[in-house]
Amino acid sequence: MAAIDKVRVLIVGDSGVGKTSLAHLICYNEPIANPYWTIGCSVQTKLHEYKAGTPSEKPFFVELWDIGGWSAHRNSRSIFYNPTHGIILVHDLTNRKSQQNLHKWLAEILNRDESSAGNEYDPEQFVGTSIPMLVIGTKMNLAQAAPELSRRRSSTIAEECAADEINLDCTQAKHLAPGTSNAVKMSRFFDKVIERKYYSRESSQPSTPVSMERRRQAGAGHFTKFLHMS
Ligand SMILES: Nc1nc2c(ncn2[C@@H]2O[C@H](COP(=O)(O)OP(=O)(O)OP(=O)(O)O)[C@@H](O)[C@H]2O)c(=O)[nH]1
């Protein structure tokens, strides 16, 4: 049997926003019982059917690299960023600061090769990257219970990067259940990541400019299967 190709998707965001909970929900379709504090990085893998239900259907491993969000580890995290085939930016819907900090996370990943560049926010850089991105707002249940904490739900970084956006509660399986719009967006995102790595002319050029409109048009929604590899 032929080896199954794989892609690496980074899951980044401030400490405590729910990255580990999200990665578990994506891979197992059920909430994690005891989320742990991630030191360094934790990797979980799922089997995704690229373009499921079409003649182009093909399985790929999607490695979810859950990067610990503690700021003290910022200087050592860059070792996890190469290669990066896709990025999931996670923020807590009850914590506005965690949404604003997504710019810093993205800058940290995109500046990974420039040791002195720091994490300066450059909007042009975000528009210019062709790495597929997905923005996820967690703790929707808490945000709904306290709307004053989350008056603005849609995040500007998603608009700037023309990225899809999902708001969910990682403690409830139904929020990513197969057939839901969230699951379709997630699947479409993984298709984009695979498309860019294995089927695009840009695959050998990590950060080439691409128009916002083109990014919007890429990909199509399909369902996925899950597999965990320890
Ligand atoms: N109510 C609710 N709690 C959540 C949600 N997502 C995560 N949590 C809780 O938030 C806490 C932190 O979740 P983690 O998944 O460990 O967060 P993390 O981003 O991986 O944190 P670090 O490992 O420090 O980077 C845990 O107590 C989770 O149960 C959510 O959508 N709703």
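What follows is a short exchange about a predicted model of a protein with a ligand.

Me: How are the residues numbered, and which residues count for local features in this predicted model?
Reply: Residues are numbered from 1 along each chain as its sequence is written. Because this is a predicted model, local features need pLDDT of at least 70 and side-chain atom pairs count only at pLDDT 80 or more, while totals for chains, interfaces and linings use all residues.

Me: What makes residues 205–230 a part to read with care?
Reply: pLDDT is the predictor's confidence in each residue, from 0 to 100, and over residues 205–230 this value stays under 50. Where pLDDT is low, the predicted coordinates should not be read in detail. For the protein, the mean pLDDT is 82, and 75% of the residues reach 70 or more; the model scores ipTM 0.98 and pTM 0.84.

Me: How many helices and strands does the protein have, and what makes a run count as one?
Reply: Helices are DSSP runs of H or I with at least four residues, strands are runs of E with at least two, and both are numbered from the N terminus. The protein has 8 helices and 6 strands, in the order β-α-β-β-β-α-α-α-β-α-α-β-α-α along the sequence.

Me: Which residues surround the ligand, and what makes a residue count as near?
Reply: A residue is near a molecule if its C-beta atom, placed from the backbone, lies within 6 Å of it. The ligand is surrounded by 21 residues, and the closest are Gly 18, Thr 20, Ser 21, Thr 38 and Gly 69. Helix α1 gives the largest share of this shell, with 3 residues, and α1 (19–28) and α5 (140–145) each supply at least two.

Me: What makes a set of residues a nonpolar core?
Reply: The set must consist of buried Ala, Val, Leu, Ile, Met, Phe, Trp, Tyr and Cys residues joined through C-beta atoms within 7 Å. The largest such core has 48 residues, and Ile 88 is one of those that touch the most other members.

Key. Two residues are in contact if their C-beta atoms, placed from the backbone, lie within 7 Å. A residue is buried if 20 or more other C-beta atoms lie within 10 Å of its own, exposed if 12 or fewer, and partly exposed in between; C-beta atoms are placed from the backbone.
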